[in-house]
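Colleague: I've got a few minutes for this model. Take me through it, terms as we go.

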Amino acid sequence: MRSVLILLAITITSVAYAQQRPVKNDAYHYKIEKQVIASKGAVVSAHPLASQAGLQMLQQGGNAVDAAIATQLALAVVYPAAGNLGGGGFLVAHLKDGKDIAIDYREKAPAAASRDMYLDKKGNANTALSQDGHLACGVPGTVAGLYTSLPYARLTMQQLIAPAILLAEKGYVITQREANALNRNQDNFKRLNTQGNAFVRNREWKAGDTLIQKDLAATLKRIRDNGRAGFYEGETARLITAEMQRGHGLITTADLKAYEAKERAAVTFPYKAYQVVTMPLPSSGGVALQQMMGMAEKYPLNAWGFHSVSAMQLMIEVERRAYADRAKYLGDPDFVKVPVKQLTSADYLHARMEDYDPQKAGSSKEVTAGMVYESKETTHLSVMDAEGNAVSVTTTLNGGYGSKVVVGGAGFFLNNEMDDFSIKPGVPNMYGLVGAEANAVAPGKRMLSSMTPTIVLKKGKPFIVTGTPGGSTIITSVFQTLVNLLEFNLSAQQAVDAPKFHHQWLPDEVVVEEDFDQTPLDELRRMGYKIERSSPIGRVELIKVNERGQLEAVGDKRGDDSAAGY
Ligand code: DON
């Protein structure tokens, strides 16, 4: 009898253990979940371990802001191509008390930067300098952004940063995609760094390898112990400036100490029965999204149908017009006066579509900015909690692994965000975007962004939380995702995975993903559009409230994106 009881006890214990064993959640065995239906809270990000870190905070009593902070910190470890300490980003939130917030932690040009710093003696632009290496780095904003978000959170930074420290210190297993990205960049890592770091190695990375980041763990601990100053002052600041000196970069201790994130008024506008909440300048995303949705609103998109020629043409033409305005007028509002009110007014948007011809392609030579008087990587995360808070964050180093410079001894990549300035009027940046005076380089100025973290409210409550990476294609991807949901009634998963198209004024062409259906493209070609196939566009992270009031969280099929919820 006694032995039967012992056996029973062992069996019960081992069943309980098996149930508790974190099979898919530990850093060495984890699973990508493309879709999760949750009742209390959900997080979706570019990496399963980062989504898990956010979920852990929700389960520990944190709110959506806590989850967003922990997810960003975890991404800085498990998604080094874009998750970051050395970059910047934007957070848009709708809080349960009805308040909308927008936190701007975009990088700034160092004090020693100047308008023509990327031009040679003959006045030719040298994009190699704005895109790779130390001169490409703006003063990082992420850590300041996390601390500016913290008053809206409930847990302590010590709690929020703990998962990231563990992942950096003990390591995590990399996926095939991450191994490929690290392998592709080895030459640049070696060329642009003089100090050893965790990412460079002499044999190929492969799926299943463990990436351990001891220097990064030490940096995260300095932040944990000293707060903002653990990054912008003391040892971390010393390591950043030493790195700058080795590579002839411009960032100084004074630049770091002076950096501040800013709370700004969110862009909010109605679209039919919904209210859209999104990012203001220095992101062009909110203004351009408001313009595109405002121009499109009065056309019968739903009757025309998903990927119908009429709907696609209309969307292409509104995109063309919004991007033409972007190039001319938009820049850091702390430095240039941008006529946002006029650019987004109903009369202006109506007038902008007067030359729209549904029979033939528009032309970017004829459609220029309206007259008003006066290897790519970013990452997005979406969170909703049980209390009614929704948070949308897009954060970036700009290109994949940013400038490719790792701060020696501190273990994190620095951004190459200076390339988002217009380094010379008319010279395209790495996303083919052109700009003008409004987005010229100036000391302390923020470079114009396209990042568009967005929330849609229905009857005043969070209904959709979304955003994406993709450089210049971000705004059109967010636009299409919202149109897919609000006009074409696609499911959350379909809206995210549907092939995308994109027009950005210049070059005057429509880029479409490889798997785009040929039929509407043939018709658009006949109308005079130039169509180019492109690599995958964006990686949308979406949470939508379904008819039953549950949270439907979807990670894009285009990456290792993964949802978590409870
Ligand atoms: O702020 C911007 O608009 C760019 N630095 C974003 C870069 C990006 O999305 C790269 N990802 N694919």
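Modeller: Helices (H or I, at least four residues) and strands (E, at least two) are DSSP runs, numbered from the N terminus. This is a predicted model: local features need pLDDT of at least 70 and side-chain atom pairs 80 or more, while totals for chains, interfaces and linings use all residues. Residues are numbered from 1 along each chain as its sequence is written, and side-chain values use heavy atoms, without hydrogens or water.

Colleague: Good. Where is Gly-467 found?

Modeller: Gly-467 is in strand S15.

Colleague: Buried or exposed?

Modeller: Buried, with a relative accessibility of 1%. The cut-offs are under 20% relative accessible area for buried and over 50% for exposed, with partly exposed in between (1.4 Å probe, protein chains only).

Colleague: How far are the C-alpha atoms of Gly-467 and Ser-382 separated?

Modeller: By 7.5 Å. Along the chain, Gly-467 and Ser-382 are 85 residues apart.

Colleague: Next, Thr-468. What is its place?

Modeller: Thr-468 is in the loop between strand S15 (461-467) and helix H18 (474-486). Its relative accessible area is 0%, so Thr-468 is buried.

Colleague: What lies 2.8 Å from a polar atom of the Thr-468 side chain?

Modeller: The backbone nitrogen of Arg-539. A polar contact means a pair of N or O atoms within 3.5 Å; within protein, one must be able to donate a hydrogen and the other to accept it, and sequence neighbours count only if both atoms are side-chain atoms.

Colleague: Now the ligand. How many residues surround it?

Modeller: 16 residues surround the ligand, each with a heavy atom within 4 Å of it. The closest are Thr-378, Glu-417, Asp-420, Ser-449 and Gly-471.

Colleague: What about Thr-378?

Modeller: An N or O atom in the Thr-378 side chain is 2.5 Å from an oxygen atom of the ligand.

Colleague: And which ligand atom does Glu-417 reach?

Modeller: A nitrogen atom, 2.6 Å from a polar side-chain atom of Glu-417. Gly-471 uses its backbone: an N or O atom there lies 2.6 Å from an oxygen atom of the ligand.

Colleague: How much of the ligand's accessible area does the protein cover?

Modeller: The protein covers 97% of the 340 Å² that the ligand has on its own. Accessible areas come from the Shrake-Rupley method with a 1.4 Å probe.

Colleague: Back to the strands. Where is the place of His-380?

Modeller: In strand S12, residues 378-384. His-380 is buried at a relative accessible area of 0%. Its C-alpha atom is 6.4 Å from that of Glu-541, and 161 residues separate the pair along the chain.

Colleague: Change of topic: helices. Why is H5 largely enclosed?

Modeller: H5 covers residues 142-149, and eight of its eight residues are buried, so the rest of the structure largely encloses it. Among the buried residues of H5 are Val-143, Leu-146 and Tyr-147.

Colleague: Where is Ala-50 found?

Modeller: Ala-50 is in helix H2, residues 48-59. Its relative accessible area is 0%, so Ala-50 is buried.

Colleague: On to backbone geometry. What is the phi of Tyr-401 near?

Modeller: Phi of Tyr-401 is near 60°, a positive value. Lys-404 has a positive phi as well, near 70°. Most residues other than glycine have a negative phi, and most peptide bonds are trans.

Colleague: Where is Tyr-401 found?

Modeller: In the loop between strand S13 (390-396) and strand S14 (454-458). Lys-404 is in the loop between S13 and S14 too. Tyr-401 counts as buried at 3% relative accessibility. Lys-404 is buried at 9%.

Colleague: Which peptide bond is cis, with omega near 15°?

Modeller: The bond from Leu-281 to Pro-282. Pro-282 is in the loop between strand S11 (274-278) and helix H13 (285-296). The bond from Leu-506 to Pro-507 is also cis, with omega near -5°.

Colleague: What is the place of Pro-507?

Modeller: Pro-507 is in the loop between strand S16 (501-502) and strand S17 (510-513).
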